[in-house]
Amino acid sequence: MITLTWVYVIAGVAFAAFAVFNLIDKANPRRFGNAAFWGLMAVSMWAGDLLGDFGNGLLVLALVAIAGFGGLGKTKTDEVPEATKNQRAAKYGNGLFAIALVIPATALAGTFLFKQFPAYFDVKQVTLISLALGVLLALAVGHAWLRATPALPLSQGRRLMDSVGWAAILPQMLASLGAVFALAGVGDVVGGVIQQAIPAGSLAGAVIAFGVGMALFTMIMGNAFAAFPVMIAAIGMPLLIKQYHGDPAIICAIGMLAGFCGTLMTPMAANFNLVPAALLELKDENAVVKTQIATAVPLLIVNIALIYFLAFR
C-alpha cells in the first residue's frame, strides 16, 4: 500500500540532493551551513518517526541555530544565463506553464480516483500522495519535452530553496507551534477572555469573533495552521459547533480562509510576503503586505458572512 511514508521518502531525497549540491559548491561561503540545514531536513523526512519527540526537538533546535546564527547563504553558480532564459521562453512560450499544471491536475484527479482503491492507497492521505505523484509526473514531462539533464531540476530547486532559506519551513514550524499552544491550553484561556466580550446568545457576535480572531492570530503567529487549533478551541468548538450546532465542515473550512486573510496582512508570514519582496528586490520589504490589505479586508468580511449564512441553516 502507498502511504504518506512514500511522500516523506521522496521529499527526503530532494532535501538530501539540495544538501549534496551545496556541499560540493565551493563558490558558496556558507555551503556547509546550507548542507547541514537541508541535510537535517532530509533526516527529518526519513527518520522522524525513529527519532521520537526528543530527537525531533533537538533537530528543530539545530535548524533554528543554523538559521539564527547566519549559517545560510546562496550562490549564483546555478544561475541560468539571461540569454538562455530568453531563448527558451521564445521557443516554448506559455506552453511551459503546462508542466506546472500537471501537478494540481494530478492532485485533483488522484484525490477522487485513489479513494476507490483502498487496498493500494491510504485513503486518508490521497491528496498528499497525489500531489507527490504530480510532482514526479511533472518532472518526467519536463525531462521528455525540454531534454534537460536529470540533475537540472534538483540544482535549480536547490538554488530556489537557498534563496528562500529558512522561510521555506516556516509554515511547518508555526503549525507545530499552534499544536503546542493547543495542548498547553492557550485556546481555553483565549476563549475565556473572548467569550466575555461576546454578547450572551449572540450568534453573529460569536461568528465575528471567530473570523476576526482567526485573522488576528494568523497575523501574530504568521500561519493560519498555527492559529486554527487556538481559535477552534477558544470559540469554534464550544460556541459555534456545540452551543449553536453549526456545521463543523463549513466552520473549519471557511474559518481557515478567514485565517488566510490574516496571512495577506502580516510580515510574520515571511515565506509569502517578505521572500517575494526580497526576490523581486523591492525597496520596501513590506510592499507586498501593503498591497494585499485592500484585498484581505473585504475578503475577511465575506468569509465571516459565509460562515454565518451557510453553517447555521
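Me: Leaving aside neighbours within four places in sequence, which residues is Leu-240 in contact with?

Reply: Leu-203, Ala-206, Val-207, Phe-210, Ile-235, His-245, Gly-246, Ile-251 and Phe-312. Contact here means heavy atoms within 4.5 Å. One caution before we go on: this is a predicted model, where local features need pLDDT of at least 70 and side-chain atom pairs count only at pLDDT 80 or more, while totals for chains, interfaces and linings use all residues. Residues are numbered from 1 along each chain as its sequence is written, and side-chain values use heavy atoms, with hydrogens and water left out.

Me: What makes something a nonpolar core, and which residues have the most contacts inside the largest one?

Reply: A nonpolar core is a set of buried Ala, Val, Leu, Ile, Met, Phe, Trp, Tyr and Cys residues joined through side-chain atoms within 4.5 Å. The largest has 41 residues, and those with the most contacts inside it are Phe-210, Met-214, Ile-235, Leu-240, Ile-251, Ile-307 and Phe-312. Helices H7, H9 (203-221), H10, H11, H12 and H13 each give two or more residues to this core, and H10 gives the most, with 12. There is also a second, separate core of 14 residues, which includes Ala-16, Ala-19, Phe-37 and Leu-59. Helices, by the way, are DSSP runs of H or I with at least four residues, numbered from the N terminus.

Me: Why is the pair Phe-15 and Phe-18 called edge-to-face?

Reply: Rings of Phe, Tyr and Trp (its six-membered ring) pair if their centres lie within 6.5 Å; planes under 30 degrees apart count as stacked, over 60 as edge-to-face and the rest as tilted. The centres of Phe-15 and Phe-18 are 6.2 Å apart and the planes sit at 85 degrees, so the pair is edge-to-face. The two are 3 residues apart in helix H1 (residues 4-23), so about one helical turn separates them.

Me: How do you know whether Phe-15 and Phe-18 count as buried or exposed?

Reply: Buried means under 20% relative accessible area, exposed over 50%, and partly exposed in between (1.4 Å probe, protein chains only). Phe-15 has 13%, so Phe-15 is buried; Phe-18 has 9%, so Phe-18 is buried too.

Me: What does Phe-18 form with Trp-38?

Reply: An edge-to-face aromatic pair, 6.4 Å centre to centre with 80 degrees between the planes. Phe-18 lies in H1 and Trp-38 in helix H2 (residues 31-68), so the pair ties together parts that are 20 residues apart in sequence. Phe-15, Phe-18, Phe-37 and Trp-38 form one aromatic cluster.

Me: Why is Arg-147 called exposed?

Reply: Because its relative accessible area is 70%. Arg-147 lies in the loop between helix H5 (126-146) and H6, and has a positive phi of about 60 degrees although it is not a glycine.

Me: And what makes His-245 count as exposed?

Reply: Its relative accessibility is 63%, so His-245 counts as exposed. The loop between helix H10 (224-243) and H11 holds His-245, and its phi is positive too, about 55 degrees, although His-245 is not a glycine.

Me: Asn-223 lies in a loop as well, so why is Asn-223 called buried?

Reply: Because its relative accessible area is 5%. That loop runs between H9 and H10. Not counting residues up to four places away in sequence, Asn-223 touches Pro-171, Leu-174 and Thr-218.
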